[in-house]
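Here are some notes to read alongside the model.

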Amino acid sequence: MHILLVDDHAVVRQGYCALLTMMLPETRVDEAENAQQALKILGQQSVDLVILDINLEASSGLTLAGRITKRWPELKIIFFSMFDEPSVVQRAMQAGAVGYLSKRSSPDTMIEAIKTVRAGKRYIEHSLAIQLATHQMQENEAVCDQLTQREFDVFIGIAKGLDRTQLANALNVSSKTISNTLTQLKSKLQIHTNTELVHLAIEQGYLKVAV
């Protein structure tokens, strides 16, 4: 099996590469720190599974997942993230993932997830699956569920502090498209400023604040 681990923190990548190599000795593990590196590796090599963080530098793992599933629809993706809010998990699965783990999960849980996904099944960490089921049963949808995928990508990018040029480059669209999309999503969310957007991202659990 060939796994690609995508995370913008070198310590995380190296630690989990060593862990996976030790616990799955017949597995090859490569690493990438951003979307560009990941797409380059995927274009050059045959990969069976991508383990992907959501919070990548200058991009979103959700955006990358969409690009991967569009180009390589058979490639399996497991999200491995600090985000554990049900609305984020739901977005991740909608983006094409077949698995989701919190970074607080144990190494054994990751191995179980990999084996389950390789067997053709979905895997969501147990505690997250319970939260997700409860979330889906609620009548009131999360405010950001009404956004299109592009609007959501722009929402996350602006919340993370990217400017329109950086977002345009990350999403491979024009700055004008970013401006138009930002206007549309602000209208949908009934907000007027980027500051309000950041506050909403924090409130909805899409943006973590250091404490």
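1. Where does L20 lie? Please keep in mind that the model is predicted. L20 lies in helix α1, and with a relative accessible area of 0% this residue is buried, because anything under 20% falls in that class. Setting aside neighbours within four places in sequence, L20 touches I3, V29, I51, M110, I111 and I114. S81 sits 61 residues from L20 along the chain, and their C-alpha atoms are separated by 17 Å.

2. Next, look at helix α1 as a whole. The helix has 14 residues and reaches 20 Å from its first C-alpha to its last, close to the 20 Å expected at 1.5 Å a residue. Its buried residues are R13, Y16, C17, L19 and L20. What do the buried residues of α1 pack against? The answer is β1, β2 (28-32), β3, β4 and α5.

3. The loop between α1 and β2 holds P25. Is P25 buried or exposed? P25 counts as exposed, at 66% relative accessibility. L75 is 50 residues from P25 along the chain, with 21 Å between the two C-alpha atoms.

4. Now turn to helix α5, which covers residues 107-118. α5 has 12 residues, and the distance from its first C-alpha to its last is 17 Å, close to the 16 Å expected at 1.5 Å a residue. After α5 comes G120, with a positive phi near 90°.

5. Two residues deserve a look for their backbone angles. Most residues other than glycine have a negative phi. N172 is not a glycine, yet its phi is positive, at about 60°. Where is N172 found? N172 is in the loop between α8 (164-171) and α9 (175-189), and it is exposed, with a relative accessible area of 64%. Q190 also has a positive phi, near 60°, and is a residue other than glycine. The place of Q190 is the loop between α9 and α10 (194-203), where its relative accessible area of 67% makes it exposed.

6. E203 is in helix α10 and counts as exposed, at 63% relative accessibility. Q204 lies in the segment after α10 and counts as buried, at 18% relative accessibility, because the cut-off for buried is under 20%. How far apart in space are Q204 and S87? Their C-alpha atoms are 7.9 Å apart, although 117 residues separate Q204 and S87 in sequence. E203 and Y16 are 187 residues apart in sequence, and the C-alpha to C-alpha distance between them is 30 Å. Y16 is one of the buried residues of α1.

7. With those details in place, step back to the chain. How many helices and strands are there in the chain? There are 10 helices and 6 strands. The C-alpha atoms fill a box of roughly 55 × 40 × 35 Å along the principal axes. A compact globule of 211 residues would have a radius of gyration near 17 Å, and the chain has 17 Å, which agrees.

8. A few totals round out the picture. Buried residues make up 50% of the 211 residues. Among contacts between residues at least 6 apart in sequence, 66% join residues at least 24 apart. The accessible surface of the chain is about 10800 Å², and 49% of this belongs to carbon and sulfur atoms.

Methods:
Residues numbered from 1 in each chain as written. Predicted model: local features only at pLDDT ≥ 70, side-chain atom pairs only at ≥ 80, totals over all residues. Heavy atoms only, no water. Helix = DSSP H or I, 4+ residues; strand = E, 2+ residues; numbered from the N terminus. Expected span 1.5 Å × (residues − 1). Rg over C-alpha atoms; globule rule 2.2 N^0.38 Å. Buried < 20%, exposed > 50% of the residue type's maximum accessible area, 1.4 Å probe, protein only. Contact = heavy atoms within 4.5 Å. Areas by Shrake-Rupley, 256 points an atom, 1.4 Å probe, with all protein chains shown as cover.
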